[in-house]
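Here are my notes on this one, as numbered points. Have the model open while you read.

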Amino acid sequence: MDLPTPPHVLQAIADALHDPTTHGYQLFRNNAQFRQVVAQRYAQTFGVPVDPETEVLTLIGSQEGTAHLPLAVLNPGDVALLGDPGYPSHYGGVHLAGGEIYPMALLAENQFLPDFSTIPQDVAQRSRLMVLNYPHNPTTATATLDFFKDALAFCDRHDIILVHDFAYDQMVFRDHPHPSILQADTQKRRSIEFFTLSKAYGMGGFRVGYAIGNAELIKALKQVKAAVDFNQYQGILRGAIASLAGDQSSVQDRLTIFQQRRNAFVEAMGAIGWAIPTPKATMFTWAKLPEKWESDSIKFCTELLAKTGIAAAAGYGFGKSGEGYVRFALVRSPEELRAAVKTIGEFLRAS
Ligand SMILES: Cc1ncc(COP(=O)(O)O)c(C=O)c1O
């Protein structure tokens, strides 16, 4: 993310530095205000009442939470159903916990949503965890509330914990707001959702996020974290509170910037003869590689970087079903993106 953190957030953090009450260890009670703000946001935005004491947990980014959750709930050998392609911390956490991964293929013909009917019965029976992530990194796909209800029904049938990584909550260009998993599981029977302030609020380096949902899952994750960390600095939480409860115009400004970048990139790609779909969400584009490269996305990215200096993420790096694709991150101005696409066009012609 190349955009700066909004000034009112930086100010809240700067003020905290001079307040000695923020300098000590941060125990659970010290982040009560942050948890209350999160709970209010869920009530207002999604119409889901949440208990900030038992159903919200402060995290050091959602990467930390999604990677630690499997340690809290998986026994070695339990199966985790993960999106393929998917975000690496989902995979890493299951590996650390000794779990077995069943990759749910996310295919273009299914709008990059998993087809639950293809999961073998014996795998479903041994599954303890399913991880979804919409808006999705890397495919940019979004999900509907009906899809979340179907996922919940599947998890109910097989007694599976339903995890939703909502890192790109608010990073949607239309159909606001994107549904939360808790709108499907309003009773919070088996679901937990993760959010980070890195994306919509531009706080990537500050490391702050939250988990929200089923109280037993929150408690289990809290126990793992109790052995690992004492939370982040209070000043960062004050910045996060300013982000969530303060002026929201910077979120819209950020979205407008990404929309302009997206439009410039997609249009420029069309002009070099590489047509790609217009993403509805996130800060990425997910591009199907030209035929010559479709069986080796890593080779494409390696050669593109070596010959042009342009970095893209190989689809295969996100899982087997990501092969044949490449992810471009829209982390430069429209002018720079147009120039980069022109260079990509020259690279393709020369290769
Ligand atoms: C799907 C997804 N989950 C989690 C994260 C991690 O966010 P953070 O680094 O803020 O913890 C990212 C960041 O790229 C992401 O794309």
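1. You'll find Asn-231 in the loop between helix 8 (215–226) and helix 9 (234–245); helices (H or I, at least four residues) and strands (E, at least two) are DSSP runs, numbered from the N terminus.

2. Before going further, the ground rules: this is a predicted model, where local features need pLDDT of at least 70 and side-chain atom pairs count only at pLDDT 80 or more, while totals for chains, interfaces and linings use all residues. Residues are numbered from 1 along each chain as its sequence is written, and side-chain values use heavy atoms, with hydrogens and water left out.

3. Arg-207 also has a positive phi, near 60°, and is not a glycine. It sits in the loop between strand 6 (191–196) and strand 7 (209–213), and with a relative accessible area of 30% it is partly exposed. I flag such residues because most residues other than glycine have a negative phi, and most peptide bonds are trans.

4. The bond from Tyr-134 to Pro-135 is cis, with omega near -5°. Pro-138 is in the loop between strand 4 and helix 6 too, and the bond from Asn-137 to Pro-138 is cis with omega near 15°.

5. How is the chain divided? The domain assignment gives domain 1 (7–245) and domain 2 (249–350); such bounds come from an automatic or database domain assignment. Their centres, taken over C-alpha atoms, are 27 Å apart. Across the boundary, 27 residues of domain 1 are in contact with 22 residues of domain 2 (contact: heavy atoms within 4.5 Å).

6. The area buried between domain 1 and domain 2 is about 2,200 Å², with carbon and sulfur atoms giving 65% of it (this is the accessible area, 1.4 Å probe, that two parts lose on being put together, summed over both). On the domain 1 side, Thr-140, Met-171 and Phe-173 lose the most area to domain 2, together 33% of what that side buries.

7. The largest nonpolar core has 86 residues, and Phe-34, Met-130 and Trp-274 have the most contacts inside it (a core is a set of buried Ala, Val, Leu, Ile, Met, Phe, Trp, Tyr and Cys residues joined through side-chain atoms within 4.5 Å). Helix 10 (residues 249–271) supplies the largest share, seven residues. Since domain 1 and domain 2 both give residues to this core, it lies between them.

8. Gln-170 is worth a click: it is in the loop between strand 5 (161–165) and helix 7 (181–184), and counts as buried because its relative accessibility is 14%. Its side chain makes a polar contact with the side chain of Tyr-201 at 3.1 Å (a pair of N or O atoms within 3.5 Å; within protein, one must be able to donate a hydrogen and the other to accept it, and residues adjacent in sequence count only if both atoms are side-chain atoms).

9. Last, cysteines. Cys-155 is buried, at 0% relative accessibility, and Cys-301 is buried at 9%. A search of the whole structure finds zero disulfides (pairs of cysteine sulfur atoms within 2.5 Å).

Note on methods
Buried means under 20% relative accessible area, exposed over 50%, partly exposed in between (1.4 Å probe, protein chains only).
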